[in-house]
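Notebook open, model loaded. I want to look up a few packing details and jot down what I find.

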Amino acid sequence: MCTQEAFRAQRSQLVGLLVSGSLEGFESILDWLLSWEVLSWEDYEGLSLLGQPLSHLARRLLDTVWKKGAWGCEQLIAAVQEARAESQPLKQHGHWDPHSPHPARDLQCHRPAIVRRLYSHVEGVLDLVRAQGFISLYECDEIRLPIFTSSQRARRLLDLATVKANGLAAFLLQHVRELPVPLTLSFQDAACKKYTSKLRTTVSAQSRFLSSYDGAENLCLEEIYTENVLEIRAEVGMAGSPLQSPATVGLEELFSTRGHLNEDADTVLVVGEAGSGKSTLLQRLHLLWAAGQDFQEFLFVFPFSCRQLQCVAKPLSVRTLLFEHCCWPDVGQQDVFQFLLDHPDRVLLTFDGFDEFRFRFTDRERHCSPTDPTSVQNLLFNLLQGNLLKNARKVLSSRPDAVSALLRKYVRVELHLRGFSQDGIELYLRRRHREPGLADRLVRLLQATSTLHGLCQLPVFAWMVSKCHRELLLQGGGTPKTSTDLYLLILQHFLLHASLPDVSPRGLGPGLLRGRLPTLLHLGRLALWGLGTSCYVFSDRQLRAAQIDGEDISLGFLVRAKAALPGSTPPLEFLHVTFQCFFAAFYLALSADVKPSSLRHLFTCRQRGGWPLTRLLPTLCVRDSRREEGSVEALLQEAEQHNLQMTAAFLAGLLSREHRGLLAECQASEKALLRRHACARQCLARSLHKHFHSIPPALPGEAKSMHALPGFVWLIRSLYEMREERLAQRAVRGLNVGHLKLTFCGVGPAECAALAFVLRHLRRPVALQLDHNSVGDIGVEQLLPCLGVCKALYLRDNNISDRGICKLVEHALRCEELQKLALFNNKLTDGCAQALATLLGSRQNFLALRLGNNRITAAGAQVLAQGLRANTSLQFLGFWGNKVGDTGTQALAEALGGHQSLRWLR
């Protein structure tokens, strides 16, 4: 019981209580008083004036309440207690009639609950009510003034709904009822609010600018970011059942309910090849959260780099990891940490570059205490399993080869980052080059050079093209065709940039390379040592041991680590892991300390924790237990397989005939260089022969079939980088298969170019199956040179549009061997129907056309029916999953009514 006299006697203490928090806490008290009708609307407006000191507002509130008698004083005390209570889902006040005949009154009665509902969704609701005409653009901008927090914006929207008579109140009452109930922080929990604010500021500062790979530019991420193709991993169905096309999602759908592999898991896995944009994707996620634009269901986001974490030697606890290695709370450390433990569903942790974490995933050692320290790898593995911070969301990025079946057991959803689409490449270049006409010239260059265009599907290659645009456009010295060509071009760019101004930019001549050869070899030795020890960031001590000085660093190939741990001296790292592999290959090609025979370890190195490649490749040498630690042989045998494969491909390119002359002029012993070339050449040919000879014999009455084993695509890429026609002919000389299957092999445009370079030398036609890859329109163009030796081409789930199929058909009209096309689950529309109808009408030996689950409508079906009428050979036609309607179905039925050869229709 609170009398007015007691209330007046405690006035100074009450003023202190009301001003001890923030304005947001004071407004929360007003919410309760307004909902209980202690305050009238006029009272509320007088207490909500902007710009007034909080102490003035507190005294005015006490005066207003005192005038309402003892009941009003008691209600104020109750409102203060409600506002200071721990945050819990509202039960008593959280339910209302969404179809109330008095919506404005109900908005006021349930105001505290509605403010909490709107808290995490206010930006989206503002967009919605603005789009539906309930508020003007001016009113929307007033609510979105940066001085207001999310809850204050929610209150301003409710205030506007109270005075408007256009249906806004009724709309909000119904729409807000459908929003999820968040577990919000108590408004008076100053420690958590302060930490959240500091964390947002820290993450925003780290993610607002995108440092270019060379560290020379800081680009505004908002202006330069270009979306990549992001697909949910499709589960393989039962044999004979149609598979759905992988769903393409936006970054904002990262935590959607689609495609769950394990509902009980907490980890979202994002896989993509090196240079596909995984780090930039996570940086975009961080920025959207820090700016309040998306992912607001999380109150705390903690970003980590696996290559940095593996440098931590001392044991860590969850608390140490979050606070000491991400963001330290200035006050209330225990309160903040307890809130994290109590509400893990409001926490997001991101771990970038799991493939660069030298420890292999295991679930053998369980650790469940968030306060007890353990090794960094055990801490990470138990976070991913959910033994620590269960229900906290984790996002893990990695290259595919580093993800084991054991790790996938703990993955909620797996997303594949495919790189830029064809339109995405153009958009990226236009955002990078805003000078009039420059982007147009670069786009035309790529469109005229399909191999370079295919490489640019990976953002790292698109960046290199952008960086070297002057060399590509002005010098006319030939367009890069392979990865090695492009890395040598960027090597030239950096060396010229570091040279004297009077050096003529005539390309990567022997003089320019010879002058920097000691530096390049030092960088190469450091790169190789890093690959062999799974080290990707280098301390000053390690740099001194590699004889790298400040002048070497000034070339720009080593940059400050982007995610250095707080409080430590930022170490150095290579521009990108692909550059580290390139420099390692450069060292293997040119160093006098490398024996030619040691290069064979590139092909016999075992993958740690996995299947040994020696079963695939010939035993060209035996691992010597007496090898010296740190020797080239030891480093090659310890390197991660995915890095070793990139290094081998670069080495093959450097030893190619096209570049061997350049290296020979920088190498004292040309004989040693030729021995290296001969060793690599022989090793590639023998490895492919071994692969082909491992194919089991065909069953009686069936064609011999080969499913590519791990490493096959890598060998083909290496062969392509070497660019020797005779070697390609020799490699496939003994291949005698009727069906070559490369499903789920990560085949993109660059791999398609390599496959075409090798397979076009086949002596017998083959059915080439490339289902579930990333071929795309550009990759289809790369495959055209080998189309003449394909009797069937399977391209299910490859993100192919009308553009790619029209090019394919144009070429297929001249290829009599091609008799079957399978194009399930792509992006085909009516735009390709005329090309396919022409193919059917022109080729009377064509046997199968499968177009299921595309986007063809009745118009396309009618066009295709014309080709079916003219064809007399077709035996298999798949058309399920398209939207042809009754009209299209009738047209197809009439065209096939008298067809004599058709055996299968779906």
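What covers the buried residues of helix H8? I started there. The cover includes helix H3 (23-35), helix H4 (41-46), helix H7 (103-109), helix H9 (122-131), helix H11 (150-163) and helix H12 (168-177), going by contacts, meaning heavy atoms within 4.5 Å. Eight of the nine residues of H8 (residues 111-119) are buried, so this helix is largely enclosed by the rest of the structure. I listed the buried ones: Arg111, Pro112, Ala113, Ile114, Val115, Arg116, Arg117 and Leu118.

Buried is under 20% relative accessible area, exposed is over 50%, and partly exposed is in between (1.4 Å probe, protein chains only). Helices (H or I, at least four residues) and strands (E, at least two) are DSSP runs, numbered from the N terminus.

Provenance: this is a predicted model, where local features need pLDDT of at least 70 and side-chain atom pairs count only at pLDDT 80 or more, while totals for chains, interfaces and linings use all residues. Residues are numbered from 1 along each chain as its sequence is written, and side-chain values use heavy atoms, with hydrogens and water left out.

**Overall numbers**

I get 44 helices and 19 strands in the protein. Of its 906 residues, 57% count as buried. Taking contacts between residues at least 6 apart in sequence, 77% join residues at least 24 apart. The protein exposes about 38,100 Å², with carbon and sulfur atoms supplying 50% of it; areas are Shrake-Rupley with a 1.4 Å probe, and for residues only the protein chains shown count as cover.

**Rings**

I looked up aromatic pairs next, and the structure holds 31. The rule: rings of Phe, Tyr and Trp (its six-membered ring) pair if their centres lie within 6.5 Å, and planes under 30 degrees apart are stacked, over 60 edge-to-face, the rest tilted. Phe361 and Phe381 make an edge-to-face pair, 5.2 Å centre to centre with 70° between the planes. This pair links distant parts of the chain, 20 residues apart: Phe361 is in the loop between strand E7 (347-352) and helix H19 (376-385), and Phe381 is in H19. Phe361 counts as buried at 10% relative accessibility, and Phe381 is buried at 2%.

The ring centres of Phe582 and Phe650 are 5.5 Å apart and their planes are at 85°, so I log this pair as edge-to-face. Phe582 in helix H31 (residues 577-590) and Phe650 in helix H34 (residues 641-654) are 68 residues apart. Both are buried. They also belong to a cluster linked by ring pairs, whose members include Phe461, Tyr487 and Trp529.

Then charges over rings (NZ of Lys or CZ of Arg within 6 Å of the ring centre and within 35 degrees of the ring normal). The charged end of Arg200 sits over Trp289, 4.4 Å from the ring centre. Arg850 lies over the face of Trp904 at 4.7 Å.

**Strand E14**

Which way do the side chains of E14 (residues 766-769) point? Val766 and Leu768 go one way, Ala767 and Gln769 the other, and all are buried. E14 pairs in parallel with strand E13 (residues 739-741) over three bridges; pairing takes at least two DSSP bridges. On the other pairing, four bridges join E14 to the parallel strand E15 (residues 790-794). The chain crosses from E14 through helix H40 (residues 776-783) to E15 in a right-handed β-α-β crossover. Right-handed means that, with the strands pointing away from the viewer, the path from the first strand over the helix to the second runs clockwise. E13, helix H39 (residues 749-759) and E14 also make a right-handed β-α-β unit.
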